[in-house]
Amino acid sequence: MTTHKRLMLRWSTIGLMAISSIASITALGFWSRSYRRSDQFIYRYLLVISSKGAICFGQTASRFPLPLSWISSQANKQDSRIANPDGIIFGIQYDTDHGIPDLVSIPYIWILFFTSLPADAIGLFWMFRWSRKKDAATGGHLTVRISLYLAVMAIVLLYIMMAILSQ
């Protein structure tokens with residue numbers, strides 16, 4: 001691999017990790033804010049409400065002339081998730097109209113999981129590379145392997161915990 005391609009790969013990886021980290025911090029910020037305020041992003045016929053630990057997507061007629069509007073109020077703190085959903089998949093509630101979901105409620109834990117997934121995967125890949133280099137340098141030392149296995153187990157246990165908590 002040439003130096004230019006290596007440099008491009010390195011910077012694209014760092015960029016992906018930075019974007020994933022910023023998206024995770026933003027998701028955490030909106031999650032904590034969702035318990036105090038109701039954020040509504042209105043884009044034509046799509047309404048996104050951040051309320052009490054969930055993001056709701058629903059079809060609504062927009063009364064605003066702008067294509068994108070953002071309303072934030074402390075008055076609307078009620079839990080706006082679906083009261084009687086047609087189905088629940090891993091904690092994601094949905095209501096259908098003629099077979100097409102017209103209202104969806106996604107818990108913030110899933111948004112946080114998917115925004116942090118690229119950074120976790122890159123960190124795990126770097127951990128494998130570090131472990132391989134360290135393992136070769138120390139002649140197969142057990143501590144490096146154990147730390148690597150613990151890192152993998154932590155990610156798997158986090159995924160299982162989120163699947164259980166979201167139901």
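I began with contacts: of those in the chain with a separation of 6 or more, 55% join residues 24 or more positions apart. Contact here means heavy atoms within 4.5 Å.

I noted the ground rules next. This is a predicted model, where local features need pLDDT of at least 70 and side-chain atom pairs count only at pLDDT 80 or more, while totals for chains, interfaces and linings use all residues. Residues are numbered from 1 along each chain as its sequence is written, and side-chain values use heavy atoms, with hydrogens and water left out.

**Entry: layout**

I looked up the secondary structure and found three helices and seven strands. Helices (H or I, at least four residues) and strands (E, at least two) are DSSP runs, numbered from the N terminus. From that end, the order reads α-β-β-β-β-β-β-β-α-α.

**Entry: surface and burial**

Of the 167 residues, 26% are buried. Buried means under 20% relative accessible area, exposed over 50%, and partly exposed in between.

**Entry: core**

Which residues form the largest nonpolar core? I listed five: Val104, Ile106, Ile109, Trp110 and Phe113. Helix 2 gives the most, with three. Such a core is a set of buried Ala, Val, Leu, Ile, Met, Phe, Trp, Tyr and Cys residues joined through side-chain atoms within 4.5 Å.

I then checked the largest pocket, which holds about 320 Å³ of space. Ten residues line this pocket, and Leu9, Arg10, Thr13, Trp126 and Arg129 are the closest to its centre. Helix 1 (3-33) and helix 2 each give two or more lining residues. Helix 1 has the largest share, five residues. A pocket is an open set of points on a 1 Å grid over the protein atoms alone, where a 1.4 Å probe fits, with protein on both sides within 12 Å along at least five of seven lines; lining residues have an atom within 4 Å of a point. The volume is the space filled by probe spheres set on the points, which are joined across faces, edges and corners.

I looked at aspartate 120 in helix 2. Aspartate 120 counts as partly exposed because its relative accessibility is 28%. Its C-alpha atom lies 9.6 Å from that of serine 21, 99 residues apart along the chain.

Isoleucine 25 sits in helix 1. Is isoleucine 25 buried or exposed? I found it exposed, at 60% relative accessible area. The C-alpha atoms of isoleucine 25 and threonine 115 are separated by 9.0 Å.

Conventions
Buried means under 20% relative accessible area, exposed over 50%, partly exposed in between (1.4 Å probe, protein chains only).
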